[in-house]
Amino acid sequence: MTSKEIRATFLNFFKSRGHEIVSSAPMVVKNDPTLMFTNAGMNQFKDIFLGNEAVKTNRIVDTQKCLRVSGKHNDLEEVGHDTYHHTMFEMLGNWSFGDYFKKEAIDWAWELLHKVYGIPSDRLYATVFEGSEKDGTEKDAEAFDLWRQYLPENRILSGNKKDNFWEMGDTGPCGPCSEIHIDLRPEAERAAIPGESLVNKDNPLVIEIWNLVFMQFNRKADGSLEPLPAKHVDTGMGFERLCMALQGVTSNYDTDVFQPLIGKIAELSGKKYGADKDSDVAMRVIADHLRAISFSIADGQLPSNVKAGYVIRRILRRAVRYGYTFLNFDRPFICELVGTLVDEMGETFPELLKQQQLIEKVIREEELSFLRTLEIGINMLDKLIRESKKQSKKQISGTDIFTLYDTYGFPLDLTELILKEQGLLADREGFDLEMRKQKDRARNAASMEVDDWTVVKEGETEFVGYDCTSVETEILRYRKVKQKDRDFYQIVLDKTPFYAEMGGQVGDSGLLKSDSETVEIFDTKKENSLSVHLAKKLPVSLTGTFTAEVNTGKRTATECNHSATHLLHYALRKVLGTHVEQKGSFVSPEVLRFDFSHFQKVAYEELREVEKLVTKAIRDNIPLDEYRNIPVDEARSMGAMALFGEKYGDRVRVIKFGDSIELCGGTHIQQTGSIGAFRIVSEGSIAAGIRRIEAVTAERCEDFLYIQQDLLYSIREMFNNTPNLKQALQKFLSENQELKKKLEEFKKEKLVFLKKELSKQIEEINGINTLIVRGLYDPDIVKDIVMQLRGEFTEKFLFVAASDAEGKPSLALMLSDDLVKKGLDASKLIRPAARHIRGGGGGQAHFATAGGKDIDGLNAAIDEIKDAVLNFLT
């Protein structure tokens, strides 16, 4: 079976058993503070398990794109070195929400694997939870008895809590699981060593392919377990491993999932896959990482230096480094593989095809950037190697290696490889120490302690903020949170007008009032599908009725910016073309920020045209046309734009202002005239193929225009309130240019005179032509003189200049080439001398400069340099 047939068979098997096929959620997670990436098939159903979202369909089946590169699930270092670990992988899964449980899950798993896929029963093993005395849970006898229908008892193994008890996190839904393992070893090996002794022992051919999780408990903050009100089934099967088992190969990378990519890499590199261990690993790493990078970009996550973007950049750079080191790629090449990936997976995941041009562009720019980084890193490492050898050191310090890694992104393993070639060692212990320090700093900055929810009243939150900004409400639950030595509370209300931060729009703030007290809500966040109101304190009385009031000034200003963002998106597509798509946004009371796909700088004239279109829409006072809870297909037929990287439900909300039609869950003004005014403040690039516009509206726009007017007025005053400011500025700049030319000519004349005068001051000291200069000289003039004198005095020449121009002490030192060959180094001589002027310096062996703060130390600095040179030579 081909991989496409294997995937389709899985989905159709469960569809025929009453499951609804749903699409994969984006790989990049939003609105969940505990996750950056989807790392398991259950992530998109987390709210159902937590009870924050009602069950719409009891049975679901899907294939979910997942990424595991950080936290508990981190397979990055194994990728490419073994046959079955990946960063990005597909997770095939079937789900039951309060419907069927262990019997159906186990029966169907056996039927699909053995009868439909045809895997021999004697190659399959099952594990069941052995129980935990600490948690007070018994062995999963029910699962054990169900498996006995299909497997002998010696192939039903008991597993501990680590392997056979699945938990979402430190708290939340959890339960025992039953893993299915397959033995892919040759018959001779199987006869020699029983497969049951190799289950969960990291044997590459005795591997887990399917995990059946039976969620029946809730883990509380104190570590105790309580039964869930409804039991759920959550299963996950590694698609790539299943393909390996069914296609008769012994490596995931030998399946048709990866072979087309590996074949393309081999073609581009001119190397044959299977001929060399190191290049084979490199090809596997690159094939794997290409998938992770491409899907992340398609889902809206661009490489960057923070959070999820940093993870993607790290993966991409790891792939580039393997290509650079083992396949001799010194040019962008990963971008050339995207077309092959799209050919293989674009049908199942259409976002790849839609975003292909952007993916290729972003990867190419990232490759070019990192190749430059590698060049810088290699030069810095060469310098460290030279200095170590000069000092007869056998090891480069961990601090230096960590600086290369952390500041310049130079990979540790490449550093170790280069040092090994030079007969040197890397101080790995020192590097690990620096790495631990950094991780501790990051962990302390991000640490958060969360108490269990205290339930005041059962119920679900109803959001009423589209229609009102004040409502009577009751508290459903609350919990205490401690973060960065700051305590606050999360409060859940049964009705709320507060918009929770989502989709780029900031959360509302306001008040929660009762007859006896007022509590400030300083922010509103979305945790999965739950709106939580953040307050520094709780009401004294948690029962009874409260009035929830939104800060309407902040809300209205935010709405002006949000609605203007929609108008801006429409205008950009009108002016630049329909290739423009939103790639991110931020909407606050102060500013709107809009990221969009476009491959060149937006011209000033184009920006002006965009502003005009938005301003016209404001002037036309277009009313808000809102469609709530309509079928997603109906919304698309209206022409509503959906954003890639977002997963929409069956029913959506459409916001329409004239011809601007978008799927949107945010709050908006009732008519465009309320925006008042709109101006673009800046436009620039934030990544390859991605531009960013910042703009202001309403009162902030007025403030921006006042600042521009005040600036113009003050400049006009400088030119005696001339009526033609542009002409006056042109005349001023022209005259200034002429004066600069005359000044340069004067400087050249002065330089000739100065050099002639200084040449007279050269004196011979111990056979060395020495020139010491002290005065109010511009450092640039000093450098020019030095270079001219160096051409005239090619041997036995020492030049030291000390200047205090503009009250700032500076030093310059030049040595003739013969003195450098004897072992003198200007940069090393000037550093200790610079301490006399409370400064620092450096440069090359023949010429160095220094600056400082203490003019009084100049004479001592000159003496130190002169004495050091003369003592060295005598």
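In strand 35, serine 810 is the bridge partner of serine 803, and this pair belongs to the antiparallel pairing of strand 34 (residues 797–803) with strand 35 (residues 810–815), which extends over 6 bridges. The model is predicted, so that local features need pLDDT of at least 70 and side-chain atom pairs count only at pLDDT 80 or more, whereas totals for chains, interfaces and linings use all residues. Residues are numbered from 1 along each chain as its sequence is written, and side-chain values use heavy atoms, with hydrogens and water left out. Helices (H or I, at least four residues) and strands (E, at least two) are DSSP runs, numbered from the N terminus, and two strands pair if DSSP finds at least two bridges between them.

- An open sheet of mixed pairing is formed by 6 strands in the order 32-33-34-35-37-36.
- Strand 32 (763–765) and strand 36 (840–843) stand at the edges with a single partner strand each, so one side of each is left without a neighbour in the sheet.
- Neighbouring strands of this sheet are turned by 20 degrees against each other on average, direction ignored.
- Strand 36 and strand 37 (residues 847–851) run antiparallel and are joined by 4 bridges, while a hairpin connects strand 36 to strand 37 through 3 residues.
- Within strand 37, glycine 851 is the bridge partner of glycine 840.

**Helix packing**

- Two packed helices are described by the angle between their axes and the distance between the axes.
- The axes are lines fitted to C-alpha atoms, for helices over the stretch in contact, and angles run from 0 to 180 degrees between N-to-C directions.
- Helix 13 (residues 356–390) packs against helix 14 (residues 398–408) at an angle of about 165 degrees, with the axes 11 Å apart.
- Helix 13 and helix 14 are therefore roughly antiparallel to each other, given that angles under 35 degrees count as roughly parallel, over 145 as roughly antiparallel, 65 to 115 as roughly perpendicular and the rest as oblique.
- The contact (heavy atoms within 4.5 Å) is made by Thr373, Ile376, Gly377, Met380, Leu381 and Leu384 of helix 13 together with Asp400, Leu404 and Tyr408 of helix 14.
- The residues of this contact of helix 13 with helix 14 divide into 6 nonpolar, 2 polar and 1 charged, where Ala, Val, Leu, Ile, Met, Phe, Trp, Tyr, Cys and Pro count as nonpolar, Asp, Glu, Lys and Arg as charged, and the others, Gly among them, as polar.
- The axes of helix 9 (residues 277–298) and helix 11 (residues 338–345) cross at roughly 80 degrees and come within 11 Å; helix 9 and helix 11 are therefore roughly perpendicular to each other.
- Leu290, Arg291, Ser294 and Phe295 of helix 9 make this contact with Val338, Leu341 and Met345 of helix 11, and by class the contact has 5 nonpolar, 1 polar and 1 charged residues.

**Burial and backbone angles**

- In helix 7 (residues 239–246), 8 of the 8 residues are buried, so helix 7 is largely enclosed by the rest of the structure; buried means under 20% relative accessible area, exposed over 50% and partly exposed in between (1.4 Å probe, protein chains only).
- Helix 7 is followed by glycine 248, whose phi is positive, near 70 degrees.
- Alanine 698, although not a glycine, has a positive phi of about 50 degrees; alanine 698 lies in helix 20 (residues 698–718) and is partly exposed, with a relative accessible area of 22%.
- Lysine 796, also not a glycine, has a positive phi of about 45 degrees; lysine 796 is found in the loop between helix 22 (779–792) and strand 34 and counts as partly exposed at 41% relative accessibility.
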